[in-house]
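Subject: Structure for your review

Dear colleague,

Please find the structure below.

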Amino acid sequence: MTFAFQECINPACKSTFDVGQVLTSCPNCGSLLDISYDWNRLPVPSSMSFFQERWNNRLNPLDYSGVWRFRDLLPFADDDQIVTIGEGQTLLQKNDRLGALCGMKAGSLYLQYEGLNPSGSFKDNGMTAASTHARMVGATMTACASTGNTSASLAIYAGVTGLFRCIVFVGSGKIAYGKLSQALDYGAKTIQIRGDFDDALARVREICEKHPIYLCNSVNPFRLEGQKSIIYRVLEGLGWQVPDWIIVPGGNLGNSSAFGKALMELSALGLIDRIPRLAIINAAGASTLDSLVNDEELVWNRGVTNSTLIGQYYSEMDQSGRRALTLASAIEINRPVNLEKALRALDVCGGVVRSVSDQEIIDSRAMIAANGFGCEPASGATIAGLRMLREQGVISSGDRVACILTGHQLKDPDLTVAYHSNNPELHAKKLHPSGVFSTPFANAPIVVDNEEAAILQAIGIV
Ligand SMILES: *Cc1c(COP(=O)(O)O)cnc(C)c1O
Ligand SMILES: [Zn+2]
């Protein structure tokens, strides 16, 4: 595969590197890296419907995978190197009832349910690609830092394929039990350091630099190649029509970055005729991107981003001891590692950034579930963001919107049960770390004596 290479995203540098190298930043200037392709020398399909044909051949694991079915759009690996466990069998579904609650016309709101992946979150789209690259370079040990889902995903790829040993670093305390249980069950060596996610990531990056361990966080440019496929599947679910908006929660901004790159490439290859707008939704308690973009007016500026401004923002954050705090633990991040790539995505897509409160996140999550899609709190940020953007008149009632539900409901059942029950102890434990919450969509269990009359009364047949 000589038509793929790694390329520095800094336009003043643009250094290129072989795909056989293991890098998570440009050795010359420190910027992030893209995987780039010499498309002129590669067979590119003439239309997206080409990929539909692959369904007829789904006994081939590469054609079955919702990532590698699109391998012509991420051609960095030879077929026999690809590591797949059947990821990406996800679903785009219209949801008019939820749409109506968001002020949308019938036929406008679509949910892209990434909770259906093998480890229950979108991370598998990226991990199949990172694992493939790890295999290409002969890695025997992989690692990541994680708020939970990255570790669950890496652990399942290492466990199922047996190709690598796997070490996951998690912060202390915060990790949702569904996610921690996966890392333990799939057999990852799990290191729980005293500190938060940002601390864990800084540490694992340092360790992977010094030792032969392959890093699978979203600074790994190969991982983001796999995450492009979420966009391809949204288009596929819409019969290859382009939606008006894509709404995604923003944590480390890997998804946002991958979506921007996917759309940029599809447009350049003539496979789509317009680019949808992107809305990235932060939690109010972890709103670095929102603050930098909307308050500090940080922009991509053709790759000449204002690094002084970013540096000042982070040093002020450190000096004041301000740390991310939100119930949506998957997006509880101080320093999003893909910031520059996300700025590029916002630029390409005419994007917007908003932040929503934890109250809005947990209520939106409950509304999504009541309309048939179980997702974890971070995914609830999408619908909270949609409601905000409708109120602000940024999104119109007839716009076609795809919300990316990033993780499964069963990742964080404690929070769900705390929301629905009226047990004050549960509330205190799960719902009060950053404030006092109301639970307007609660569906509490009814406790009754074990006798027919009481039960019938509770059911409402008296
Ligand atoms: C990782 C994760 C996110 C954040 O995605 P980024 O690409 O880091 O912005 C959001 N939701 C869930 C469920 C996640 O696991
Ligand atoms: Zn560079």
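**The enclosed space**

By class, nine nonpolar, 15 polar and three charged residues form the lining of the largest cavity. Here Ala, Val, Leu, Ile, Met, Phe, Trp, Tyr, Cys and Pro count as nonpolar, Asp, Glu, Lys and Arg as charged, and the others, Gly among them, as polar. This is a predicted model, in which local features need pLDDT of at least 70, side-chain atom pairs count only at pLDDT 80 or more, and totals for chains, interfaces and linings use all residues. Residues are numbered from 1 along each chain as its sequence is written, chains are lettered from A and ligands numbered from 1 in the order in which they are written, and side-chain values use heavy atoms, with hydrogens and water left out.

The structure holds three cavities of 30 Å³ or more. A cavity is a set of points, on a 1 Å grid over the protein atoms alone, where a 1.4 Å probe fits but cannot get out; lining residues have an atom within 4 Å of a point. The largest cavity contains about 300 Å³ of space. Its lining comprises 27 residues, and F122, K123, G251, N252 and A330 are the closest to its centre. Two or more lining residues come from each of β6 (141-146), α4 (149-161), α7 (221-227) and α9 (254-268). The helix α9 gives the most, with three residues; helices (H or I, at least four residues) and strands (E, at least two) are DSSP runs, numbered from the N terminus.

**The ligand**

What takes up the space of the largest cavity? That space is taken by ligand 1. Of the 16 residues around ligand 1 (a heavy atom within 4 Å), K123, N149, G251, L253 and T406 come nearest. This shell divides into six nonpolar, eight polar and two charged residues.

Oxygen atoms of ligand 1 also make polar contacts, that is, pairs of N or O atoms within 3.5 Å. A polar backbone atom of G251 is 2.8 Å from a ligand oxygen, and one of N252 is likewise 2.8 Å from a ligand oxygen. For G254, a backbone N or O atom lies 3.1 Å from an oxygen of ligand 1. Taken alone, ligand 1 exposes 380 Å² (Shrake-Rupley method, 1.4 Å probe), and the protein buries 97% of that.

Yours sincerely

Conventions
A polar contact is a pair of N or O atoms within 3.5 Å; within protein, one must be able to donate a hydrogen and the other to accept it, and residues adjacent in sequence count only if both atoms are side-chain atoms. On a 1 Å grid over the protein atoms alone, a cavity is a set of points where a 1.4 Å probe fits but cannot get out, and a pocket is an open set with protein on both sides within 12 Å along at least five of seven lines; lining residues have an atom within 4 Å of a point. A molecule sits in a cavity or pocket if more than half of its atoms lie within 2 Å of its grid points. Grid points are joined across faces, edges and corners, and a volume is the space filled by probe spheres set on the points.
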